[in-house]
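Visitor: Please put the chain on screen. I would like to go through it by question and answer.

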Amino acid sequence: MMSDFTKNDYLNLVKTLNKYSAEYYVHDKPSISDASYDSLYGTLLKEEAQNPCWLVSYSPSQRVGDKPLDEFTSVTHAVAMYSLDNAFSDEDLANFLNRIEPDKSKQDKLVLSAEPKMDGLAINLRYKKGLFVQASTRGDGRVGEDVTHNIKTIRSIPMQLKGSQFPDVLEVRGEVFISHAAFKALNEKQLQAGDKPFANPRNAAAGSLRQLDPKVASQRQLSFYLYGWGELSADWAVAGNYYDMIEQFAKWGLPKNPDSQMVSGLKGILDYYEFLSKKRANLPYEIDGIVYKLNSIQKQRDLGFTAKAPRWAIARKFPAQEVWTKLLGIDIQVGRTGALTPVARLEPVSVGGVVVANATLHNLDEIERKDVRIGDTVIVRRAGDVIPEVVGPVLNQRPEHTTLFEMPLECPECQSEVVRELDKAVYRCMGGLICPAQRKRALQHFVSKKALDIVGLGNKLIDQLVESNLVHHPDDFFSLTLESLLGLDRMAEKSALKVLSAIQKAKQTTFSRFIYSLGIPEVGEVTAMNLANFFKNLPALEKADLETLISISDVGDIVADHIQHFFQQPHNLTVIQNLLEQGVHWPEPEEVAIPSSSAFSGKVMVLTGTFESMGRADAKKQLEALGAKITGSVSAKTDYVVAGEKAGSKKTKAEQLGVVVLTEQAWLEMMAEEA
């Protein structure tokens, strides 16, 4: 018996079910019961099974219709997906408006969109002739991952746009997120299954879109709000302002955030901040700030973009959130530069939706200043994606027996001496050449262009050498063989021979390059050259006392202390001896003649901005040849600051300190007089 149900009936049923789905998931105003919806959905599945040729891509049944993927594929964005600059204060917002409109009398007339900054994952949705065809993650802003199979499972995202007159190609951008209720239900399910709960809603949303099987994502109850667009057909007339564009997208069935508003000037911006701050705790989802965007699209175009962000938008971050928990212990983390950082080991606690078990204590001075003790109840703060920190103890909760923290005298990684830097709060491991925590950075520095300049030994290859236990210290480079290199991934014989040739070539160097290659803290190229010229040979440098070191140009108390402690470590001396035995050598350093009459002789100088006549590296060489000392920061001891185009904070600081600021032209004229 033939059914009276026609293809036209089927298409109408698809349209009706999509309408009911939008009412339920987007507008939160269902017009039929769940039972009625399920009955209609059952009819849909039956007709699709009997008439597979009728099936359309925007049918509700296709939201979880894809097979699991073997892997994700890359998608190059037609229009780059930029990040946003952040504002952390009212002053930052005022500065943002000043950059957009320097005339303050006109700022009150500036109209901006203000919308909650969702704590989720940025997504690009692509539609062709109104049909959803692809979704991709932001990735690095240029290239993302294809997550179409998982985005289809999000009921608030239409598979077919409503209405008409939409562009042939439309890319909509927005945030995929998970509500508090869905996040709670998901973690309860994870615990019941014996799986690890998600740390926060953002991780849950991101993790859901990283699933190869769309059935997993479909169970996560993800949501979506739009906030912008990417590629649009060139022949489609763009509205004059951002608000009208978002309203048009909403009419086509794409959900927008109901708490978005239009505001004017600084007062409107700050009023909205107060409004959303008060409402934040009662929102059904997690937010970490507010996004303000200039409403006029023409003004957006005029302002354009920096390398990373639009100049016409900014994200105002909310202040930190704080909770109390127990400080169980304090561990030491050794960084890549050898700096020792105390890390609080906490009784796990949720801060702003993130489960925190560790937090930074910065340094020993901070621990003592805050009077934080092991066993205390402490206040933990987290602001957005910033590493959580311990604010201080809750003194009225302090137990009778607490333990004061002491900084170790030896590095927990390599047992080298730990030294506190003069006039600083930093404690540093002196085992620079042998400390595992500093290994990769020390090796990368050793082979860098200004050090031994071993061509072909890039960061990725060094990572492989370290992870394969072929290189632990710099001297191990000179023991590498063709056989050991060929055992690495993507290393052909020709490439391996080039690396070995470069290593052999690097054995012949200069004394100053060798000193620089050791990675002694605070010892840069200029200091290394001065040390080489003064001491002439390595034994003299290794045995130098503080008084002698301080007498050298560019070597102060702190640098002298670093040099002396470095050469007092037996492990460092062993590596140096091995390098010499491997054949690393150099001629005696040549004296650099400096004109005694030079106006720059002995002057402390800073170069900032972009120069038209030459690069900063060439400018530095010319000045150093005339006896100038080039530094990277401005202080009261600075004699001159040479400011090129787009000179920023260094020029400002120089002016504040009364340091002479030279334009590029004025500096070149002074240089011409030296010739």
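What follows is a short exchange about this chain.

Guide: This is a predicted model, where local features need pLDDT of at least 70, side-chain atom pairs count only at pLDDT 80 or more, and totals for chains, interfaces and linings use all residues. Residues are numbered from 1 along each chain as its sequence is written, and side-chain values use heavy atoms, with hydrogens and water left out.

Visitor: How many helices and strands are in the protein chain?
Guide: Helices (H or I, at least four residues) and strands (E, at least two) are DSSP runs, numbered from the N terminus. The C-alpha atoms fill a box of roughly 100 × 70 × 60 Å along the principal axes. The count for the protein chain is 24 helices and 22 strands.

Visitor: What share of the 675 residues is buried?
Guide: Buried means under 20% relative accessible area, exposed over 50%, and partly exposed in between (1.4 Å probe, protein chains only). Among the 675 residues of the protein chain, the buried share is 46%.

Visitor: What is the order of strands in the open sheet of four?
Guide: Two strands pair if DSSP finds at least two bridges between them. E19 (residues 604-608) pairs with E20 (residues 629-631) over three bridges, in the parallel sense. E21 (residues 640-643) and E22 run parallel, joined by four bridges. The pairing in the sheet is parallel, and the order is E20-E19-E21-E22.

Visitor: Which strands stand at the edges?
Guide: An edge strand here has a single partner strand, so one side is left without a neighbour in the sheet. The strands in that position are E20 and E22 (660-663).

Visitor: Which residue in E20 stands opposite Val604, and which in E22 is the bridge partner of Val641?
Guide: Val604 stands opposite Lys629 in E20. For Val641, the bridge partner in E22 is Val661.

Visitor: Is E19 enclosed or open, and how many of its residues are buried?
Guide: In a regular strand the side chains alternate between the two faces of the sheet. In E19, Val604, Val606 and Thr608 are buried on one side, and Met605 and Leu607 on the other. E19 is therefore largely enclosed by the rest of the structure, with a buried count of five of the five residues.

Visitor: At what angle does helix H22 run to E19?
Guide: Axes are lines fitted to C-alpha atoms, for helices over the stretch in contact, and angles run from 0 to 180 degrees between N-to-C directions. H22 (residues 616-625) lies across E19 and E20. Its angle to E19 is about 165 degrees.

Visitor: How are H12 and H13 oriented to each other?
Guide: H12 (residues 439-447) and H13 (residues 459-467) have axes 10 Å apart and pack at about 130 degrees. Angles under 35 degrees count as roughly parallel, over 145 as roughly antiparallel, 65 to 115 as roughly perpendicular and the rest as oblique. H12 and H13 are therefore oblique.

Visitor: Which residues in H13 do those of H12 meet?
Guide: Contact means heavy atoms within 4.5 Å. From H12 come Arg439, Lys440, Leu443, Gln444 and Val447. In H13 they meet Asn459, Ile462, Asp463, Val466 and Glu467.

Visitor: What is the phi of Gln415, and what is that of Glu522?
Guide: Most residues other than glycine have a negative phi. Gln415, in the loop between E16 (389-393) and E17 (418-420), is partly exposed at 46% relative accessibility. Glu522, in the loop between H16 (511-517) and H17 (525-535), is partly exposed at 44%. Both values are positive: Gln415 is near 65 degrees, and Glu522 is at about 70 degrees.
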